[in-house]
Amino acid sequence: MPDTTVTSDALNDRNTRLKRTHEREMESMSKQRPRQLTRQEHRREEERRREDERRRAARARRVTIISIIAVGVLAVAVLVYFVIAQGQTPANAAYPPIDNVSCQSTEQGGTHIHAHVTMYVNGTKTALPANIGIAPDSSCLYWLHTHDDTGVIHIEAPEGVSVTFGNFLHIWEQRFQQLGYPSQLSGATGWQVYVNGKPFSGDFRTIPLHSHTLITLAYNSPGVQPDTNYNWNGL
């Protein structure tokens, strides 16, 4: 009996120790689990923070790109406005735009062509005066002008501008009448008109001025031979 009791007590003690050891291990694991969960949450929080930083950086890049584009568009708009304003602002207030044709301080290089006019009034050949379209003080010149009395009209205008013979006549009549604007040009009858040697039956003011256009005007001048060629001398 005593030996059996001792063995049973030893077994109970051993079981008790094992149980306590297991309990301590479970308690230790229970204590460690919150710390593990905390580390996982910390990693997730770090990932969220990094994702937020990436999104903020992407937004900042988009804002920067949009700002650069906006500044570029604004700069182009300002430049275009400046060019247009410069083209519309007269260099000399006494010579405002006529038919949207400006009088500017420098010649325009976008379109540079020449036309020629031969005019007869009452049977007499009448030359186009020099300096039609050029301010007397040379402060400005219209896109349509003459440099001499050869009949050559210089068209020096911005790119894409279309002009007519009527534009030239308006400039001559409105700002340079002192250069001998024939009163007959204000009338619609009595004229025979030719363009490049061929009869023109419409309003001669509507004749478009192209490169090397030849215009022959004859007022009360029968038998006039229209121009079919002209020595441009490189013009």
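Arg 50 and Glu 46 are four residues apart in helix α1, so about one helical turn separates them. Helices here are DSSP runs of H or I with at least four residues, strands are E runs of at least two, and both are numbered from the N terminus. Arg 50 forms a salt bridge with Glu 46, and their closest N and O atoms are 3.3 Å apart. A salt bridge is a side-chain nitrogen of Lys or Arg within 4 Å of a carboxyl oxygen of Asp or Glu. Arg 50 has a relative accessible area of 45%, so it is partly exposed. Glu 46 also counts as partly exposed, because its relative accessibility is 22%. Buried means under 20% relative accessible area, exposed means over 50%, and partly exposed lies in between (1.4 Å probe, protein chains only).

This is a predicted model: local features need pLDDT of at least 70, side-chain atom pairs count only at pLDDT 80 or more, and totals for chains, interfaces and linings use all residues. Residues are numbered from 1 along each chain as its sequence is written, and side-chain values use heavy atoms, leaving out hydrogens and water.

How many salt bridges does the structure hold? There are seven. Side chains of opposite charge can pair when their charged atoms come close. Glu 45 is partly exposed at 43% relative accessibility. Arg 48 is partly exposed too, with a relative accessible area of 45%.

Arg 55 and Glu 51 meet in another salt bridge, at 3.4 Å from N to O. They are four residues apart in helix α1, so about one helical turn lies between them. Arg 55 is partly exposed at 47% relative accessibility. Glu 51 is partly exposed at 30%. Some bridges join up: Glu 46, Arg 49, Arg 50 and Glu 53 are linked in a network.

## A nonpolar patch

Ile 65 is also found in helix α1, which covers residues 2–88. Together with Ile 69 and Val 73, Ile 65 makes a nonpolar surface patch of about 290 Å². Patches are made of residues with over 30% relative accessible area and no salt bridge; like charges are joined within 9 Å, and nonpolar side chains (Val, Leu, Ile, Met, Phe, Trp, Tyr) within 5 Å. Accessible areas come from the Shrake-Rupley method with a 1.4 Å probe, and for residues only the protein chains shown count as cover.

## Aromatic pairs

A search of the whole structure finds nine aromatic pairs. One of them is Phe 168 with Trp 172, a tilted pair at 6.2 Å centre to centre and 55 degrees between the planes. Rings of Phe, Tyr and Trp (its six-membered ring) pair if their centres lie within 6.5 Å; planes under 30 degrees apart count as stacked, over 60 as edge-to-face, and the rest as tilted. Phe 168 and Trp 172 both lie in helix α2 (residues 165–175), four residues apart, about one turn of the helix. Both residues are buried.

Trp 191 and Tyr 219 have ring centres 5.1 Å apart and planes at 55 degrees, so this pair is tilted. The pair links distant parts of the chain, 28 residues apart: Trp 191 is in strand β7 (residues 191–195) and Tyr 219 in strand β9 (residues 214–219). Trp 191 is buried at 13% relative accessibility, whereas Tyr 219 is partly exposed at 22%. One aromatic cluster takes in Phe 165, Phe 168, Trp 172, Tyr 181, Trp 191, Phe 204 and Tyr 219.

## The disulfide

A disulfide is a covalent bond between the sulfur atoms of two cysteines. The cut-off here is a pair of cysteine sulfur atoms within 2.5 Å, and the count comes to one. Cys 103 and Cys 140 form it, with their sulfur atoms 2.1 Å apart. The link is right-handed, with 90 degrees about the S-S bond. Cys 103 lies in strand β1 (residues 103–104) and Cys 140 in the loop between β3 (124–126) and β4 (141–142), so the pair links distant parts of the chain, 37 residues apart. Cys 103 is buried, with a relative accessible area of 1%. Cys 140 is buried as well, at 2%.

## Around Ile 215

Residues in contact with Ile 215 include His 116, Val 117, Phe 165 and Tyr 194, not counting residues up to four places away in sequence. Contact means heavy atoms within 4.5 Å.
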